[in-house]
Amino acid sequence: MTNAAGRDRQPATEPRPTWVPTAHYRRLVTVALLPLLAAVVLGHPAYLVLAAPMVAALALPARRPGYGARVSMRASGDRCFEGEQVTIRVSAEPAGPAESVGLRLMLPPALAVSGGTAASFARGGGGPVEAEWQVTAGRWGRWDTGRVLVTMRSPGGLFTGTIANSAGEINVFPRPPSLAQLALPAQLHSRIGDHLDRRPGHGIEFTGIRPFAPGDRLRRINWQVTSRRGALYVNQFAAQRAAEIVAVIDAITDTGPAGESTLDRAVRGAAAIARAYTRAGDRVGVITLYGPMRWIPPGSGQRQFFRVAETVLDTRSLYSEVSPDMALIPRAALPAGALVIMFSPLLDERAIDAAIDLRERGYAVIVTDVLATSPVPAQGTAEAGLALRLWRLERQALRYRLESLGIPVVGWPGEPRDTADAGEDTSTRLDIALGRFARQRVRGGVR
Amino acid sequence: MLAEPVTVVPGAWPVTIAGAAALLAAPAGRWPAAGTLAALAAMVTSGIGIAAGTVTLPLAAISGTLVLAYLLALDAAESGPIAGRLRWVRGRLLALAAGFAAALITATSAATTVPAWPWLVLAGVAAAGAALIAAAG
């Protein structure tokens with residue numbers, strides 16, 4: 001997903017570079033200085049003859065240049081999903097005579113030039129230079145698109161001027177895994193939606209027949225039953241309600257390789273929740289747990305999905321001594337009856353306490369364990385295997401404790417293993433993890 | 001540039017060997033200063049010859065021009081692939097020609113005996129100063 005039409009990220013600017021002597025200049029000066037000093041010290045004119053060619057080469061291009069270059073940059077979009085490509089086009093035209101102009105793109109670690117092409121481009125003759133790069137966004141987040149270094153060499157190659165231009169920011173949204181089966185809370189919201197509720201209403205799903213009561217619509221009258229029984233009977237339909245889902249991201253702990261860490265999976269899981277439920281007409285909000293908590297109240301529509309996606313872009317694991325207090329979250333962000341789906345590696349007691357607190361306040365809570373790999377014990381010790389078994393037992397005890405409190409725990413992608421599978425596709429596993437709740441709604445309520 | 005002076009200054013062979021070693025070691029070790037050291041070695045070799053009286057003024061002019069040619073070639077190698085190479089070569093040939101001309105003019109001036117005249121010295125210094133001002137301006 002990129003902007004439909006490319007637009008100029010930056011109007012053409014004409015910054016002035018700082019001109020510095022090149023290595024060629026320094027070599028000429030160094031080599032010329034030796035015979036010149038010998039000529040002064042020894043008084044022999046032949047040393048001047050030896051240095052004359054270098055001095056002439058230094059004097060020929062005259063003075064240090066002072067012109068700049070007209071630089072314009074254009075990107076095909078300022079936001080995309082992980083794995084998508086953005087095209088960056090740069091054009092630079094020196095404002096004076098330049099021997100050559102080189103362009104080099106410096107990218108942050110999250111972005112990479114795709115196709116294996118070189119990130120630099122040079123052209124002689126001093127005319128305008130244009131370059132185009134296909135940049136792949138590798139990791140979600142708000143990134144500086146990078147800098148373009150425009151390097152010019154003066155005629156004679158004695159001076160080089162460099163201009164650094166920033167390409168602006170790019171928002172890389174997390175690529176959400178597919179989620180076709182939606183978990184629903186037992187109690188649905190009063191807003192109209194696509195899910196059947198136990199309460200009677202004005203939906204399209206027929207649930208039965210009942211005697212006519214004042215206020216019933218005449219179009220609901222079931223004339224066949226009415227004629228058989230001699231009294232008015234009306235068709236009864238189930239209400240169709242929308243669900244309210246709140247995704248909670250545990251950013252207190254982040255462990256694992258960059259790109260597949262627990263925080264990465266938590267953010268992608270929250271994005272999957274936001275996309276799947278907004279598509280179904282439900283309302284989705286997000287809460288991020290770390291030192292400063294952040295939240296987005298539930299909303300619906302594609303706009304809400306992008307609001308959630310933009311909110312999670314700034315999520316980074318910030319260690320803090322502050323414990324997140326769920327009581328501080330306003331009711332608008334955590335409405336009654338909402339289903340809370342927490343993505344957490346369950347490594348910090350504060351996140352576990354937050355889940356228990358929500359359950360005790362009557363919310364239906366599902367915890368998705370995003371820790372994919374077990375810790376690696378120190379090799380060569382007899383207690384290494386024992387420590388790992390104890391750790392796994394503690395994890396099982398934690399799960400049992402949460403499930404006994406009414407908080408189901410599912411692993412995504414599966415139970416923690418010793419090593420992560422390379423190139424594993426975790427998209428289907430989120431469906432499998434949460435799919436069991438699609439068949440039976442999650443109950444909340446005070447225990 | 002290293003072999004030419006040592007033919008007339010055999011005693012300077014250690015400097016020539018050091019310069020050649022710097023040239024050979026440069027590509028393997030990616031040593032940026034190797035080229036400069038090789039050029040300096042050639043200068044030292046020629047300087048020893050001048051001091052010994054075996055390197056004449058024309059030979060010094062040729063040595064200096066060869067060193068300049070080597071430095072220009074070194075710059076070409078470090079510049080990397082550049083389109084419009086022909087135009088670049090033309091510019092470098094101009095520098096080489098100017099260097100050779102400057103060496104010849106300097107050699108001719110050094111070989112010409114001019115009586116000492118203070119006004120001539122003053123005129124020379126003024127010309128050098130004017131050239132500097134023109135270059136800086």
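## Chain A: contacts and composition

In chain A of this predicted model, residues 24 or more positions apart supply 75% of the contacts that have a separation of 6 or more. The chain has 447 residues, of which 41% count as buried. Its secondary structure amounts to 8 helices and 21 strands.

## Strand pairing around β13 of chain A

Strand β13 of chain A, spanning residues 169-173, pairs with strand β4 of chain A, residues 79-81. The two run parallel and are joined by 3 bridges. Within this pairing, C80(A) has V172(A) in β13(A) as its bridge partner.

Strand β10 of chain A, residues 141-144, is also joined to β13(A), here by 4 bridges and in an antiparallel arrangement. In β13(A), the residue standing opposite R142(A) is N171(A).

Chain B contains 6 helices and 0 strands, and its elements follow the order α-α-α-α-α-α from the N terminus on. Of its 137 residues, 36% count as buried. Among the contacts in chain B with a separation of 6 or more, 65% are made by residues 24 or more positions apart.

## Helix packing between the chains

Helix α2 of chain A, residues 45-59, packs against helix α3 of chain B, residues 34-52, at an angle of about 155° and with the axes 10 Å apart. Because angles over 145 degrees count as roughly antiparallel, this angle makes α2(A) roughly antiparallel to α3(B). The crossing of α2(A) past α3(B) is right-handed.

On the chain A side, the residues of α2(A) that meet α3(B) are A46(A), Y47(A) and L50(A). Their counterparts in α3(B) are M43(B), S46(B), G47(B) and I50(B).

## Confidence of the model

The model as a whole scores ipTM 0.76 and pTM 0.72. For chain B, the mean pLDDT is 75, and 65% of the residues reach 70 or more.

Confidence in chain B is lowest in helix α1, residues 3-8, where the mean is 57. The highest value in the chain belongs to helix α4, residues 57-79, at 86. Where pLDDT is low, predicted coordinates should not be read in detail.

Conventions:
Residues are numbered from 1 along each chain as its sequence is written. Chains are lettered from A and ligands numbered from 1 in the order in which they are written. This is a predicted model: local features need pLDDT of at least 70, side-chain atom pairs count only at pLDDT 80 or more; totals for chains, interfaces and linings use all residues. A residue is buried if 20 or more other C-beta atoms lie within 10 Å of its own, exposed if 12 or fewer, and partly exposed in between; C-beta atoms are placed from the backbone. Two residues are in contact if their C-beta atoms, placed from the backbone, lie within 7 Å. Two strands pair if DSSP finds at least two bridges between them. pLDDT is the predictor's confidence in each residue, from 0 to 100. Axes are lines fitted to C-alpha atoms, for helices over the stretch in contact, and angles run from 0 to 180 degrees between N-to-C directions. Angles under 35 degrees count as roughly parallel, over 145 as roughly antiparallel, 65 to 115 as roughly perpendicular and the rest as oblique. A crossing is left-handed if the near helix is turned anticlockwise from the far one by less than a right angle, and right-handed if clockwise.
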